[in-house]
Amino acid sequence: MRDATKIVCCCGAGICTSNYLREEIEDRLKAEGFKNVKVQISKVNDLEEAVVGADLLATTVELQKDYGIPQVRALGIMLDDNAAKEALDNIVDILKKNQ
């Protein structure tokens, strides 16, 4: 049996924006029927540790490092409905491919 899928939401400070991302991602995944998904938040300075064991990284900031897992630039979730749908669709597609 597969362990929980782990998604890390990252923003500069790891407080407000990443928390909003977490909530939006959790809501969408629940609506899509995903189970056993853990979504956690992180600030950029703590990302090295936070991504250990993660399956996907959703971020509002541009990262210069490749962490060896799929990364989604999810700033669109903060901007408007169309951009949010595109970012969330991308996350769902990645998770479906990795199941």
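**Close-up views of a predicted model**

**View 1. Cys9 and its closest cysteine.** The sulfur of Cys9 lies 9.0 Å from the closest cysteine sulfur, that of Cys10, which is too far for a bond. A disulfide is a covalent bond between the sulfur atoms of two cysteines; here the term is applied to a pair of cysteine sulfur atoms within 2.5 Å. Cys9 is buried, its relative accessible area being 0%. Buried stands for under 20% relative accessible area, exposed for over 50%, and partly exposed for values in between (1.4 Å probe, protein chains only). This is a predicted model, in which local features need pLDDT of at least 70 and side-chain atom pairs count only at pLDDT 80 or more, while totals for chains, interfaces and linings use all residues. Residues are numbered from 1 along each chain as its sequence is written, and side-chain values use heavy atoms, with hydrogens and water left out.

**View 2. Cys11, a cysteine in no disulfide.** For Cys11, the nearest cysteine sulfur belongs to Cys10 and is 6.5 Å away. Cys11 is buried, with a relative accessible area of 4%. The structure holds 0 disulfides.

**View 3. The crossing of helices H1 and H4.** The axes of H1 (residues 16-31) and H4 (residues 81-97) come within 10 Å and cross at roughly 60°. H1 is therefore oblique to H4 (angles under 35 degrees count as roughly parallel, over 145 as roughly antiparallel, 65 to 115 as roughly perpendicular and the rest as oblique). Axes are lines fitted to C-alpha atoms, for helices over the stretch in contact, and angles run from 0 to 180 degrees between N-to-C directions. Helices are DSSP runs (H or I, at least four residues), numbered from the N terminus.

Definitions and conventions
Helix = DSSP H or I, 4+ residues; strand = E, 2+ residues; numbered from the N terminus. Left-handed = near helix turned anticlockwise from the far one by under 90°.
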